[in-house]
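The sequence and the structure are shown first.

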Amino acid sequence: PSVHNCSEHIFSNVSRVFRKSAYPLLIVPGDNDWLDCPNHTEAWSLWENNFGSLDHNWNMSFPVIRQTGRNENFAFSLDGVLFVGVNMNRDYIFKKKARKKRIEDAR
């Protein structure tokens with residue numbers, strides 16, 4: 001988003017539109033969803049609060065498994081196909097220590 005799209009109002013409005021879908025939605029955060037905002041920490045919190053459990057809006061016939069410590073990462077199997085959503089954004093934004101932790105969390 002642009003700096004003007006980083007407010008609680010924008011995140012909640014988009015979430016509201018997504019929740020009106022007749023079909024279940026699971027989304028993976030992209031770097032433009034929060035890293036382009038001036039305050040990354042606040043924007044990540046807004047993303048988690050508005051989209052992190054978006055799939056709970058629907059009664060799905062399959063379980064969604066979330067990664068411990070990285071709730072934005074998920075997997076599910078449907079009709080013999082494994083779907084995996086993994087959040088890994090621009091490397092240069094994260095310091096080596098934060099990037100290393102993300103990789104360790106994935107193990």
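## Packing of α1 against α3

In this predicted model, helix α1, residues 8–19, packs against helix α3, residues 40–51, at an angle of about 25°. The axes of α1 and α3 are 9 Å apart. Because angles under 35 degrees count as roughly parallel, α1 is roughly parallel to α3. The crossing in which α1 passes α3 is right-handed.

On the α1 side, the contact is made by Glu8, Phe11, Ser12, Val14, Ser15, Phe18 and Arg19. These residues meet Ala43, Leu46, Trp47, Asn50 and Phe51 of α3. By residue class, the contact of α1 with α3 comprises seven nonpolar, three polar and two charged residues.

## Aromatic pairs and the ring cluster

A pair of aromatic rings is described by the distance of the centres and the angle of the planes. Eight aromatic pairs are present in the structure. One of them joins tryptophan 34 and tryptophan 44, with 4.8 Å from centre to centre and 55° between the planes, a tilted arrangement. Tryptophan 34 belongs to helix α2, residues 31–34, and tryptophan 44 to helix α3, so this pair ties together parts that are 10 residues apart in sequence. Both partners are buried: tryptophan 34 has a relative accessibility of 5%, and tryptophan 44 has a relative accessible area of 15%.

Ring pairs also link Phe11, Phe18, Trp34, Trp44, Trp47 and Phe51 into a cluster.

## The stacked pair of phenylalanine 62 and phenylalanine 76

Phenylalanine 62 and phenylalanine 76 form a stacked aromatic pair, with a centre-to-centre distance of 4.8 Å and an angle of 25° between the planes. Phenylalanine 62 is located in the loop between α3 and β1 (65–67), and phenylalanine 76 in strand β2, residues 70–78, so the pair ties together parts that are 14 residues apart in sequence. The C-alpha atoms of phenylalanine 76 and phenylalanine 62 are separated by 7.2 Å.

The relative accessible area of phenylalanine 62 is 15%, and phenylalanine 62 is therefore buried. Phenylalanine 76 is likewise buried, with a relative accessible area of 10%. When neighbours within four places in sequence are left aside, phenylalanine 76 is in contact with Leu26, Phe62, Pro63, Val64, Val81, Leu82 and Phe83.

Leucine 78 is placed in strand β2. With a relative accessible area of 31%, leucine 78 is partly exposed. Residues up to four places away in sequence not being counted, leucine 78 touches Phe62 and Phe83. Phe62 and Phe83 are also among the contacts of phenylalanine 76. The C-alpha atoms of leucine 78 and proline 63, which are 15 residues apart along the chain, are separated by 9.3 Å.

Aspartate 79 is found in the loop between β2 and β3 (81–85). Most residues other than glycine have a negative phi. Aspartate 79, however, has a positive phi, near 50°. At a relative accessibility of 77%, aspartate 79 counts as exposed.

## Overall organisation

The secondary structure comes to four helices and three strands. Read from the N terminus, the order of these elements is α-α-α-β-β-β-α.

Of the 107 residues in the protein, 28% are buried. Among contacts with a separation of 6 or more, 59% are accounted for by residues 24 or more positions apart.

How values were computed. Residues numbered from 1 in each chain as written. Predicted model: local features only at pLDDT ≥ 70, side-chain atom pairs only at ≥ 80, totals over all residues. Heavy atoms only, no water. Axes fitted to C-alpha atoms, helices over the stretch in contact; angles between N-to-C directions. Helix = DSSP H or I, 4+ residues; strand = E, 2+ residues; numbered from the N terminus. Parallel < 35°, antiparallel > 145°, perpendicular 65-115°, else oblique. Left-handed = near helix turned anticlockwise from the far one by under 90°. Contact = heavy atoms within 4.5 Å. Nonpolar A, V, L, I, M, F, W, Y, C, P; charged D, E, K, R; others polar. Phe/Tyr/Trp six-rings, centres within 6.5 Å; stacked < 30°, edge-to-face > 60°. Buried < 20%, exposed > 50% of the residue type's maximum accessible area, 1.4 Å probe, protein only.
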